[in-house]
Amino acid sequence: MLLTVLSWLCSSLLVFVSGGKLPEAEVEIEVMHRPFLCHRKSKYGDILLVHHELYFENGTLFHSSRSHGDKQPMWFTLGIREVIKGWDKGLQDMCSGEKRKLVIPPALAYGKEGKGKIPPESTLTFIVEVLEIRNGPRSHESFQEMDLNDDWKLSKHEVKDYLRKEFERHGYPPNDTLHENMMEDIFAKEDKNKDGFLSAREFTYKHDEL
């Protein structure tokens, strides 16, 4: 604890004296496996299906999606902070079938507060394997697919219809209530001027806000 305080004081003094900024925290990335063929690479806005393992700094395994819980991989959208910042940074430009080791500092994980049984200021190591990459509901490509009348704005009907088709395309049964809730959530967050439509600017996730 004392070393942590002294380190913080020294860092603060350095910034004060130099007038500069501390460098942003970075994720240490090690590619453990990459397939020979890679048809697409992950980018912000894509939906990824992943298996993962989480280790503490001392090497203790805390969680494995393959052996804990429902033992199923998880879906999430890259770049919109559904997961910790370290994942958003460290899982870009990955191929389906690629596996990476991410060493994530506290500032890009759970910070000073920690989470549940994860202590504050924990540096975490994740082993992440990407199983599948899909266009996310907020990608540029999806916007063009959804804009059926090419008027550069999306109606609620267009968004809901796209979600239904995506579910059917991947073998999931239609779920009108879920599609309605997803559509309403998208509009609540992205329809900034509340005109009932999403412009390309409103809908597509902005990289400079990450």
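**View A. Lysines over phenylalanine rings.** Lys153 lies over the face of Phe197, 4.4 Å from the ring centre. Lys156 lies over the face of Phe187, at 5.6 Å from the ring centre. A charge sits over a ring if NZ of Lys or CZ of Arg is within 6 Å of the ring centre and within 35 degrees of the ring normal. The model is predicted, with local features needing pLDDT of at least 70 and side-chain atom pairs pLDDT 80 or more, while totals for chains, interfaces and linings use all residues. Residues are numbered from 1 along each chain as its sequence is written, and side-chain values use heavy atoms, leaving out hydrogens and water.

**View B. The disulfide of Cys38 and Cys95.** One disulfide (cysteine sulfur atoms within 2.5 Å) is found in the whole structure. Cys38 is joined to Cys95 with an S to S distance of 2.1 Å. Cys38 is partly exposed, at 31% relative accessible area, whereas Cys95 is buried at 1%. Buried means under 20% relative accessible area, exposed over 50%, and partly exposed in between (1.4 Å probe, protein chains only).

**View C. The aromatic cluster of Phe76, Trp87 and Phe126.** Phe76 and Trp87 form a tilted pair, 5.4 Å centre to centre with 50° between the planes. Trp87 and Phe126 form an edge-to-face pair, 5.4 Å centre to centre with 80° between the planes. Rings of Phe, Tyr and Trp (its six-membered ring) pair if their centres lie within 6.5 Å; planes under 30 degrees apart count as stacked, over 60 as edge-to-face and the rest as tilted. Phe76 is buried at 2% relative accessibility, Trp87 at 3% and Phe126 at 4%.
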